[in-house]
Amino acid sequence: MEAYEVIVIGGGPAGLAAALAAHKAGSRVLVIEREERLGGILKQCIHDGFGLVRFGEKLSGPEYAERFIDEVLELGIDVLTSSFVTELKKTGAGFLVSVVNRHGVTDYQAGALVLATGCRERTARQVLIHGTRPAGIFTAGTAQHFTNLLGQLPTRRCVILGSGDIGLIMARRLTLEGASVLGVYEAKPEPSGLTRNLVQCLEDFDIPLYLSHTVTRVFGEERLTAVEVAQVDERIKPVPGTEHIIECDGLILSVGLIPENEVAGQLGVPMDAAAKGPVCDNRFMTQVPGVFSCGNALHVNDLVDYVSESGEMAGRYAAAYAADGTDSGEHIAFKTDDSFLYLVPQQLRLEDRDKKGVLYFRSRNARRNAVFTMSINGKTAYTRKYGQLKPPEMERLEIDFGKYPIQKGDELRFEIKEVMG
Amino acid sequence: MSMKKLTCIVCPNGCSLTVLADGDSVRVTGNQCKRGEQFAKEELFHPMRTICTTVRTEFAAAPVLPVRVSAEIPKDRIKDVMEEINRVVIKEPVGRGDVVIADVLGLGVDVIATSSLLRYLKEEEKI
């Protein structure tokens, strides 16, 4: 059986960054990708704006991904594409990874695992749209795949449900390719995409945005012929009497993303209900020693730059774990309140209390003049001011834990507080 | 005198701007910083945009290839540039950064490939 020090599952931006970091830290690395090509979702994200934080340039998705792919190829890192992981098992020395591909089923041994499995889109059934099951209902990502990779226009006249960024970007993309986008319908009273995309994807092309509206029914036998839309109240319940029918051959759904952690489940990796990814420490190691998580599998990011960052950290620490394999198991769990949608990672390893750590978070509510606070045993230790916090915009910060006298058994509590002025 | 409402996209604050223009004199309100004023003036007099799209290829393994303009173009030329791009069919395995249309419509910007997909496929002997 072939053995690697680090096996990375997923060849998107998180997995590529993890593989490069683990390789540079001296590990023998294998990347396993289920699709035919490396790059993950970036292959079809042909719009620009990627890499502003990391490279100071506005790159398209393929340009960003290929910088990492080219490095992986140059360094000769082993890659399996069109390959599915069917089973993960803990063994005495590490992990057993079963892979199926055109060569059959092969088992590999790994000292450490990096789970970089990304996220998946919510579907029509998960947002409870009633009616028949005609063709013409796509997630925004599927519509993007058809348009940008296959060169096939999936609709000529469509309605978009949900104002997530991919939906807004597809509104512009489909319009540029000659389709009519009749409107974007958002059930919440606030748009969920970035302001920049509302302006450049909708306003530029006179595409209307209807807030507090949703799609309630779909019509059509073979192909979608129309949808019913209605206004909704504060509890997102349709308001009777506000329904109307829109004729269209496409309904594009941009209604949210969920981290994908099916393979993590096989190893019994405990999950964080808020971030919907594995509970991790500051090394991005899950509560199963030797199993690391990063990118959108850990929590859904806005910017790929931070997907790469968490991938690099997970890869580097996975290489270190594979090299010495020890784990003290001692950590301090971060306590948070409901001012956060989530805070990642969720723990600090006790032996890292003198090191710097990166935190990612989202505020539960839109706030102005807020303060991110870390307190130790009830005493405020670290604060950082934010002029503005919005749930759709993920924040990233770095705390030098070594500046504080953190001891075993201490309580580390995080809060977002309002300040005056 | 004309009035226009804009949403500033310079930073995540997303200020709602009102621009009052009277001949050469322009007054911007609603901005929280200097950059908002600059943004409003540019948006009013010469709005610029980037186009990212695809071009057809003659290769079945990759029927389209992603491209973008090498620098921003005037917003009102988006449609014209799209028409030019839609005329192109790629016949060679061009790579990331290669020029697909030089100086498109005399605007001083090129249309460039943003992926080396065809190069990778060539190396794998798939095209």
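**Close-up 1. Strand β21 of chain A pairs with β23(A) in this predicted model.** Strand β21 covers residues 331-336 of chain A, and strand β23 covers residues 347-349 of chain A. The two run antiparallel. Three bridges join them. One residue pair to find here is A:Ile332 with A:Leu348, its bridge partner in β23(A).

**Close-up 2. β21(A) also pairs with strand β28 of chain A.** Strand β28 spans residues 412-418. Here the strands run parallel, again with three bridges between them. A:Thr336 stands opposite A:Phe414, a residue of β28(A).

**Close-up 3. Five strands of chain B form an open sheet.** The strand order is β8-β5-β6-β10-β9. Pairing in this sheet is mixed. Which strands are the edge strands? They are β8 (89-90) and β9 (99-101) of chain B, and each pairs on one side only.

Close-up 4. B:Arg56 has B:Val89 as its bridge partner in β8(B).

**Close-up 5. Chain A touches chain B.** The contact involves 18 residues of chain A and 21 residues of chain B. On the chain A side, α2 (61-74), α3 (140-150) and α5 (195-202) each supply at least two residues. α5(A) gives the most, with four residues. By class, this side of chain A has five nonpolar, seven polar and six charged residues.

How values were computed. Residues numbered from 1 in each chain as written. Chains lettered and ligands numbered in written order. Predicted model: local features only at pLDDT ≥ 70, side-chain atom pairs only at ≥ 80, totals over all residues. Contact = placed C-beta atoms within 7 Å. Nonpolar A, V, L, I, M, F, W, Y, C, P; charged D, E, K, R; others polar. Pairing = 2+ DSSP bridges.
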